[in-house]
Amino acid sequence: GNESQKGEEDPITLSFEIIKFNTFIYTPYILINKTNIPLKFGEKGDKKKKFKMIAPHTNEFFNPLSSKKKKFSISVDNYGWAKEFDITTMGLSGEASIKREKEFNQKDDLIQKFNANNLNFGVLISNLSSPYGKTTAVKFVPRYVFMNHCSKPLVMAQDHDKTLKQFYLNPGEEFSYNFENKGDKHNFVKIREPTRGDNLVDTFAEYHEIDPTDWSSRFSIDDFEDFQISLKSIQKTSSEEAKGVKFEDAEGEEEQKTENKWYE
């Protein structure tokens, strides 16, 4: 009591409680290129070369310069820009189509062999699984992939009066396809059995020189469904055989589980 009278104050006691916390360092977006083509990702019509390059089968971290900027696009050398898409749209599964603007040169062998006036890509937007759920994945995949699950080779082509290209697929082979002449609708393809020469290799005659009856009936690859088509047998067989055609979505999941009678 005497000390208090001298003006001294009682000491103050402070208590500290340590609370455990986690620090997350993450990228808001990751751009994933599942195609065989180098992609430019940025604002549509970017002429300042501020776009981000995504090499084939790689991924890149991405952070928009402004939180208000949500719509972006993709492009490829010698092609224009696709229609913008919102990278905040979770669950988006759509198509990005870009139109050719320039002629090809020898450095563009990767795309030149397809001679496509349009390139078509699938765009998938989703959150990564835990523990990376704060990151949004923007994935680019081939829009169309042909796979030959038959025991014999096949030749396919677009059913169009300006078609020039034919594609040869050995059993078990697959490749990403882009239409030579893609419109808003009626994008059909067809297949045939190779014309066998003495060495059992397709003669690969010019498209317009092939007998129309050698081709199957045309079919659309924009619809997810299973069906069968008949082909004219080039080899000497007693009857025509059916080819099963199966469509899958961009992630490789079968849209329908109906059984197909595959060509054997």
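**Note on the predicted model**

1. His57 is exposed, with a relative accessible area of 51%; exposure here means a value over 50%. This structure is a predicted model. His57 belongs to the loop that runs between β3 (52-54) and β4 (58-62). Its phi is positive, at about 55°, although His57 is not a glycine.

2. A second residue with a positive phi deserves attention. Asn78 has a phi of about 75° and is likewise not a glycine. Asn78 is located in the loop between β5 and β6. Is Asn78 buried or exposed? Asn78 counts as buried, because its relative accessibility is 16% and the limit for burial is under 20%.

3. Pro131 itself is placed in the loop between β8 and β9.

4. The largest nonpolar core comprises 23 residues, and Phe41 and Phe140 are those with the most contacts inside it. At least two residues of this core come from each of β1 (29-33), β2 (39-42), β5 (71-75), β7 (93-99), β8 (118-127) and β9 (136-142). Which strand gives the most to this core? It is β8, with 4 residues. Apart from this core lies another, of 16 residues, which includes Phe167, Phe179, Ile191 and Ile229.

5. The model holds 16 aromatic pairs in total. In the pair of Phe41 and Phe140, the ring centres are 6.2 Å apart and the planes meet at 55°, so the pair is tilted. This pair links distant parts of the chain, with Phe41 in strand β2 and Phe140 in strand β9, 99 residues apart. Both Phe41 and Phe140 are buried.

6. Beyond its neighbours within four places in sequence, Phe140 is in contact with Ile32, Asn33, Lys34, Thr35, Leu39, Phe41, Ile54, Ile74, Phe85, Gly122 and Val123. Phe140 also belongs to one aromatic cluster, together with Tyr29, Phe41, Phe62, Phe72 and Phe85. Phe72, a member of this cluster, has the charged end of Lys69 over its ring, 5.6 Å from the ring centre.

7. Why is the pair of Phe175 and Tyr177 edge-to-face? The planes of the two rings stand at 90°, with the centres 6.3 Å apart, so the pair is edge-to-face; planes over 60 degrees apart receive that label. Both Phe175 and Tyr177 are buried.

8. An open sheet is formed by 4 strands in the order β12-β11-β14-β15, with antiparallel pairing. Its edge strands are β12 (167-169) and β15 (219-220), each of which pairs on one side only. Strand β11 (residues 154-158) and β12 run antiparallel and are joined by 3 bridges. Met156 has Phe167, in β12, as its bridge partner. Phe167 is also among the residues of the 16-residue core.

9. With a relative accessible area of 7%, Ser216 is buried. Residues up to four places away in sequence aside, Ser216 touches Lys190, Ile191, Ile229, Ser230 and Leu231. Of these, Ile191 and Ile229 are among the residues of the 16-residue core. Elsewhere, the charged end of Arg192 sits over the ring of Trp215, at 5.2 Å from its centre.

10. Met90 lies in the loop between β6 (85-86) and β7. Its relative accessible area is 38%, so Met90 is partly exposed. When neighbours within four places in sequence are left aside, Met90 is in contact with Ile125, Ser126, Asn127 and Thr136. Met90 and Thr136 are 46 residues apart along the chain, and their C-alpha atoms are separated by 8.2 Å.

Notes: Residues are numbered from 1 along each chain as its sequence is written. This is a predicted model: local features need pLDDT of at least 70, side-chain atom pairs count only at pLDDT 80 or more; totals for chains, interfaces and linings use all residues. Side-chain values use heavy atoms; hydrogens and water are left out. Two strands pair if DSSP finds at least two bridges between them. A nonpolar core is a set of buried Ala, Val, Leu, Ile, Met, Phe, Trp, Tyr and Cys residues joined through side-chain atoms within 4.5 Å. Buried means under 20% relative accessible area, exposed over 50%, partly exposed in between (1.4 Å probe, protein chains only). Contact means heavy atoms within 4.5 Å. Rings of Phe, Tyr and Trp (its six-membered ring) pair if their centres lie within 6.5 Å; planes under 30 degrees apart count as stacked, over 60 as edge-to-face and the rest as tilted. A charge sits over a ring if NZ of Lys or CZ of Arg is within 6 Å of the ring centre and within 35 degrees of the ring normal.
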